[in-house]
Amino acid sequence: MTKAERLQFYSTFTPNTDPGAYGYLFQELPQNLPELCRLIKCQLIHPAMIKKGRHLLSDYTRNEDETFYKITDMLEALVERNADGLTYDRLPSERLLLSCRFHSLLLISMLRSQGIPVRSRVGFASYLSENGRKYIDHWICEVWEEAGKRWIRVDPDREIVDIQGDAFLMAGDAWLMARDNEINPQLFGVKKSWGMHYIRNNLCFDLNAVLGNELGYRDFPPLCQKAMDELDAEEWQLLDEIAIYLQDPDEHYAQLQALFSGHDFLQFKRIEQ
């Protein structure tokens, strides 16, 4: 796959990011990332913020991550709750209570409607922890900046454009650092779940995302359903390879696709409801 073909691939809707009949909602979108992120936050509320704003939420006061999956599901509900569509004037009670995966899906769908290459990435954000010393499970986007000929990291949930340094660690980086004993794997996770298994799971989620398959939080491939002490040497080596190739997924796209296609246990088969 040439560079031009890769960028075209990331400019094309995937099944989870295709707005379908709701594409009309994207006809008059802002043309810059800060405004797109602001518009997204007028549609979505992260479940972590529910307690703080519960008095404004009326009927919708619970995490809705399990209610939605694809962008069409989200857009349909947004229109049902406010027929004006993607409006800055949407009341908190009319927004969807969805976490970072869904924020990234919405930004991806918006940008691809404008022909801009973008992909979801899965990893860990230190800026989500109280003291910046832990790395919290997080999903963001990589957006192709044509002027600079580079990918920039964008967090639509926190409205951060061009994340710098190690404030966000890709799952592959976290895996390799933990494997080389450069960092304690127990610093990676969320809530009551921390450790190497969490890094492994996000590594597989990131692999799928780079290949155009944005999994749900509970879409664990068979390899991620095994305890870490049940992994054999070949599986550890395979995860190492994936992490290395994800350091530069554009350069190693073919290798990542080959590993994914050649191992069923890296793939999650979703059964449509």
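A residue counts as buried when its relative accessible area is under 20%. Asp 206 has a relative accessible area of 0%, so Asp 206 is buried. This is a predicted model, and its values are computed from the predicted atoms.

Asp 206 sits in helix α7. Leaving aside residues up to four places away in sequence, Asp 206 touches Ser 120, Arg 121, Val 122, Ala 171 and Leu 246. With one of these, Arg 121, there is a polar contact from side chain to side chain, at 2.8 Å. Glu 182 is 24 residues from Asp 206 along the chain, and their C-alpha atoms are separated by 21 Å.

## Ser 120 in strand β3

Ser 120 belongs to strand β3. Its relative accessible area is 2%, so Ser 120 is buried too.

Which residues does Ser 120 touch, not counting those up to four places away in sequence? They are Ser 104, Ile 108, Trp 139, Ile 140, Cys 141, Asp 206, Ala 209, Val 210 and Glu 214.

## Aromatic pairs

A pair of aromatic rings is described by the distance of the centres and the angle of the planes. The structure holds 12 aromatic pairs. One of them joins Phe 124 and Tyr 198. Phe 124 and Tyr 198 are both buried.

Trp 139 and Phe 205 form a tilted pair, with 5.5 Å between centres and 40° between planes. This pair also links distant parts of the chain. Trp 139 lies in strand β4 (residues 135-145) and Phe 205 in helix α7, 66 residues apart. Both Trp 139 and Phe 205 are buried. Elsewhere, one aromatic cluster is formed by Phe 9, Tyr 10, Trp 144, Trp 151 and Tyr 253.

## Charges over rings

Arg 101 lies over the face of Tyr 69, at 4.7 Å from the ring centre. Lys 134 lies over the face of Trp 194, also at 4.7 Å from the ring centre.

## Nonpolar cores

In soluble globular proteins, nonpolar side chains tend to be buried together. Here the largest nonpolar core has 36 residues. Which of its members touch the most other members? They are Trp 175, Phe 188, Ile 199, Leu 203, Ile 242 and Leu 266. Two or more residues each come from β4, α6 (171-179), α7, α8 (233-245) and α9 (253-262). Helix α7 gives the largest share, seven residues.

Leu 266 has contacts with Cys 204, Leu 207, Asn 208, Pro 221, Leu 223, Leu 238, Ile 242, Leu 259 and Phe 260, again leaving out residues up to four places away in sequence. A second, separate core has 30 residues. Its members include Leu 44, Ile 71, Leu 96 and Cys 141.

## Helix α5

Helix α5 covers residues 100-113, which makes 14 residues. From first C-alpha to last, α5 reaches 20 Å, close to the 20 Å expected at 1.5 Å a residue. Is α5 mostly covered or mostly exposed? It is mostly covered, with 13 of its 14 residues buried. Just after α5, Gly 115 takes a positive phi of about 80°.

Most residues other than glycine have a negative phi. Lys 149 is not a glycine, yet its phi is positive, at about 50°. Lys 149 is in the loop between β4 and β5 (150-155). Its relative accessibility is 49%, so Lys 149 counts as partly exposed.

Asn 181 is not a glycine either, and has a positive phi of about 60°. Asn 181 lies in the loop between α6 and β8 (188-190). Why does Asn 181 count as exposed? Its relative accessibility is 71%, and the exposed class begins over 50%.

Key:
Residues are numbered from 1 along each chain as its sequence is written. This is a predicted model: local features need pLDDT of at least 70, side-chain atom pairs count only at pLDDT 80 or more; totals for chains, interfaces and linings use all residues. Side-chain values use heavy atoms; hydrogens and water are left out. Helices (H or I, at least four residues) and strands (E, at least two) are DSSP runs, numbered from the N terminus. The expected span of a helix is 1.5 Å times one less than its number of residues. Buried means under 20% relative accessible area, exposed over 50%, partly exposed in between (1.4 Å probe, protein chains only). Rings of Phe, Tyr and Trp (its six-membered ring) pair if their centres lie within 6.5 Å; planes under 30 degrees apart count as stacked, over 60 as edge-to-face and the rest as tilted. A charge sits over a ring if NZ of Lys or CZ of Arg is within 6 Å of the ring centre and within 35 degrees of the ring normal. A nonpolar core is a set of buried Ala, Val, Leu, Ile, Met, Phe, Trp, Tyr and Cys residues joined through side-chain atoms within 4.5 Å. Contact means heavy atoms within 4.5 Å. A polar contact is a pair of N or O atoms within 3.5 Å; within protein, one must be able to donate a hydrogen and the other to accept it, and residues adjacent in sequence count only if both atoms are side-chain atoms.
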